[in-house]
Structure formats: structure tokens, C-alpha cells
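Open the model in your viewer and keep the selection tool handy.

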Amino acid sequence: MTLLHDRFPEADLPHVALGTRPTPVRRLEGWGGEVWLKDESVFGDGDWGGNKVRKLEWIIPEAHRRGRRTLFTVGGIGTHWGLAAALYGREHGLRTVLGLVDQPVDDHVRDQLHRLEASGALVHRYPSVGRLKLAAPGLLWRHREGLRLPYYLPAGGSSPVGTLGYVDAGLEIAEQVRSGALPEPAVVVTAVGSAGTAAGLTVGLALGGLSSQVLGIVVNDAFRLDAEVVATLANGTVELLQRRGATIDHVVHESDLTTTDAYLGQTYGATTPEGVAALESARADGLELEPVYTAKAFAAVRDVASRTAGPVLVLNTHGPRGPGAIS
Ligand SMILES: *Cc1c(COP(=O)(O)O)cnc(C)c1O
């Protein structure tokens, strides 16, 4: 049972628990203001954690409900999402087909590719998003089972179903505020790679009665990720809840959240000097970030904390652990 089920007992919301909730919160020192951390890295089974696991808790049972045995999804070659889908899908009887687009290769990405190979995912690589889009219908057809096509999931698992994971996380933050584990954040900072995390949080924080503003740090330039896009996904998720029988009439407006691409750097996957500096400060705090998402979010935290009167909460959404994890 999740907070989402507690909140909407009337709704039909298939779910499989893949992590332990709530994830811990703690104060961080030395980030230029009152900064708190919510550590999503520990959400998962011990081998692979982080924000994608919360999405899979809703996506995997949805695939079963639709009678599918194959997931098909897309991303960059360093995709955390594709790896999480492959690892957790396999444990739950699903195989994963990945259409991946090349991105700058650093040690982190190389590591990811090795783990993808080991995960049993069926990997197809393309030099550009355009080429992947051309190939996608053929890939779906090729990996059909009987007349059933694979269950298609957008990049990052950011469908309305996947986004439920962060609606629940937003409710969890509200619960932690209520219990005194955390002061009410003025701002909640998260990296935005495909918008599901930011969209879900926007809905969940509001449902939980908090007036915290989501600030999304855009790390991906492969598609539009402005406040309008996030709000549209948030509203799509509210509509999904309504279709599943939840009594909810919440509407998210573009002005309910902010996104910025000021920390993106040259492109998705390219490192930035501020990001690398944030990564190093975080390491001194015992926090293991990566350069693509969380380093850029934490680079923003210092600036945001210095201009925000109230507490700032930042999510560590990155979570590989276990034997293959980067140290
Ligand atoms: C995918 C990812 C994000 C971004 O989440 P979205 O829901 O895709 O916007 C942030 N941090 C890490 C480590 C990720 O892997």
C-alpha cells in the first residue's frame, strides 16, 4: 500500500512495491542556505535504485494488466531508465527492448552500456533521434509476440502511469513535513530529463497540502521540457487517476512550477564546470552524484538556496548501488 492508495481507496491502482518508503531526508551543510536532501538513491532493491524505480512500481503491473510480456522504450545510450526497466522488468517476467540514441561517451556512459548488455535487454542503437523514430515502428513489429506489440513507454518512463510514482513521492514529502522530519520546503529542486519526476511532484505536493514550488533543472535538450510540458503531463496524470476512479479535481497550471535550462550546458550528457564542482562538493558530504542529471540539479541548489528565504529540498534521484555501481 502506498500513500496514493491511502488517499484514493476508491481508485483501481495496480502497484508492485520495489523499494522501501519513505526515503530518508536530512539537512545538508555548506550549500549556501537551508538545504535539505531527500535521498531517492536508496529506493530500489539494493542493486539499482533511484527515481526510475518509483515509476516502474506502476508501469510493471500495468504491462501485466494489458497482457504484455515485452516493454519497448527509448533513451540515450547511458539511459538509467532503460537499465532500470530491463532489471526490474526481468524480475517480473517482462523482457525489455531498447531503442537507444548515441550521446557523448564518458566513463559513466561506458559503464552503463556494459550493464545494459549484462541486463538481458535487447539493445538497438541509432546515431540520432530522427533515425530512431524512423526505425521504431519496425522495432515494435519485430518484437511482437503473436499479434501483441510490446508495451511502449516514452523516454524516462514519463507516461502518466509512470508519473504516479512521483505523485506518491510528493505525498511522502508532505507526510514527512507533517511528522516533523522536514520543514515545509519553499522550493523542491529536481533534475528534469523527461518530466515525470517534476510533474508527479507538482501534483503530489499540492495533494499533500504543501505550497512548495517545484523547480525543475532541465538536463535534456532532445525535447521541450518547459513548465507547459510538465504541467500537461501532470494534468494527464490527474486524468489517469480520474479514469481509475479517484475522486480528484485538481488542475495544474503552468505557473505552478518553474523549469530552467540555465544548468544544461552544451547538451544532454555533456558535463558542465558548475556540475563537476557540485559533484565534488557532494562527494565531500558522502553523496554520490553523476554528471548527467544530479550534478546539474545540485549546481542549481547553491544559487537557489542563496536567493530563497525558506528551506530548499533537493532530490538525489541517482541510485545505482551494489557490485556494478560506480564508486
Ligand atoms: C531520469 C533521471 C532524472 C530525471 O527524471 P525525469 O523523470 O526523467 O525527468 C533525474 N536524475 C536521474 C539520476 C535520472 O536517471
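Select the ligand: the space it takes is the largest pocket. A pocket here is an open set of points on a 1 Å grid over the protein atoms alone, with protein on both sides within 12 Å along at least five of seven lines, and a molecule sits in it if more than half of its atoms lie within 2 Å of its grid points. This is a predicted model, in which local features need pLDDT of at least 70, side-chain atom pairs count only at pLDDT 80 or more, and totals for chains, interfaces and linings use all residues. Residues are numbered from 1 along each chain as its sequence is written, and side-chain values use heavy atoms, with hydrogens and water left out.

Next, show the shell of 16 residues around the ligand, where K52, K55, H80, S194 and T317 are the closest. The shell holds 9 polar, 4 nonpolar and 3 charged residues; Gly counts as polar, and Asp, Glu, Lys and Arg as charged.

Now colour by element (DSSP runs: helices H or I of at least four residues, strands E of at least two). α2 (51-65), β8 (187-192) and α7 (196-207) each give two or more residues to the shell, and α2 gives the most, with 3.

Then colour by domain, with bounds from an automatic or database assignment. Domain 1 (3-50 + 159-326) and domain 2 (52-157) both contribute to the shell, so the ligand lies between them.

Which side chain has an N or O atom 2.6 Å from a ligand oxygen? Select K55 to see that pair. A polar backbone atom of A195 is 3.0 Å from an oxygen of the ligand. Stay on A195, in the loop between β8 and α7: its phi is positive, about 85°, although it is not a glycine.

Finally, select R21 and P22, joined by a cis peptide bond with omega about 0°.

Methods
Near = heavy atom within 4 Å. Polar contact = N/O pair within 3.5 Å; in protein donor to acceptor, adjacent residues only side chain to side chain. 1 Å grid on protein atoms, 1.4 Å probe; cavity = no way out; pocket = protein on both sides within 12 Å on 5 of 7 lines; lining within 4 Å.
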